Amino acid sequence: MSAVREWAASQNSKVGKAVAVNSLGKWKTASQMTALTILLAARDRSLAGPGILVMLGVSLLYISAGLALWSLFVYVKNIWRTLVK
């Protein structure tokens, strides 16, 4: 994602605006950080049901990956529209 945004920023200002930060990236980062926190907490054997925590953490990582792909699709769509004009 960073590479796409860097490339767009190096182009003209219209393309740079097409990849402005959106809320999908914020949600992706939040789900990623939450997943990592949960997975680190699951390593503590004193917690009841670490298996449930692991499943929740991994599920959040999959959600984060889905949000990253969705965000990439939105960026590419916006760049395409800008370049075709």
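Reply: Let's begin with an idea we will need: a patch is made of residues that have over 30% relative accessible area and no salt bridge, with like charges joined within 9 Å and nonpolar side chains (Val, Leu, Ile, Met, Phe, Trp, Tyr) joined within 5 Å. A salt bridge, in turn, is a side-chain nitrogen of Lys or Arg within 4 Å of a carboxyl oxygen of Asp or Glu. Accessible areas come from the Shrake-Rupley method with a 1.4 Å probe, and for residues only the protein chains shown count as cover.

With that in hand, look at Met33, Leu36 and Leu61: they form a nonpolar patch on the surface, with about 240 Å² of accessible area together. Helices (H or I, at least four residues) and strands (E, at least two) are DSSP runs, numbered from the N terminus.

A word on what you are viewing: this is a predicted model, where local features need pLDDT of at least 70, side-chain atom pairs count only at pLDDT 80 or more, and totals for chains, interfaces and linings use all residues. Residues are numbered from 1 along each chain as its sequence is written, and side-chain values use heavy atoms, with hydrogens and water left out. The score pLDDT is the predictor's confidence in each residue, from 0 to 100. Across the protein chain it averages 84, and 88% of the residues score at least 70. Confidence is highest in helix α3 (residues 23–42), at a mean of 93, and lowest in helix α2 (residues 13–18), at 67.

Now for the setting of our helix. The protein chain has four helices and zero strands. UniProt, in an unreviewed entry, places a "transmembrane region" at residues 52–76; its positions are given in the numbering used here, feature names are shortened, and annotations may be inferred rather than shown by experiment. In the model that span is 100% helix, and its end C-alpha atoms lie 36 Å apart.

Gly57 touches Ala35, Ile38 and Leu39, leaving aside residues up to four places away in sequence; a contact means heavy atoms within 4.5 Å. Between Gly57 and Met33, a member of the patch, the C-alpha distance is 9.7 Å, with 24 residues separating them in sequence.

Next, follow Leu24, which lies in helix α3. Leu24 counts as buried, because its relative accessibility is 13%. Its partners, not counting residues up to four places away in sequence, are Leu67, Trp70, Ser71 and Val74. With Val74, Leu24 has a C-alpha separation of 9.3 Å, although the two are 50 residues apart along the chain.

In the loop between α2 and α3 you will find Val21, which counts as exposed because its relative accessibility is 51%. Val21 and Tyr75 are 54 residues apart in sequence, yet 9.5 Å apart in space, C-alpha to C-alpha.

Stepping back, residues 24 or more positions apart account for 67% of the chain's contacts with a separation of 6 or more.

Technical notes: Buried means under 20% relative accessible area, exposed over 50%, partly exposed in between (1.4 Å probe, protein chains only).
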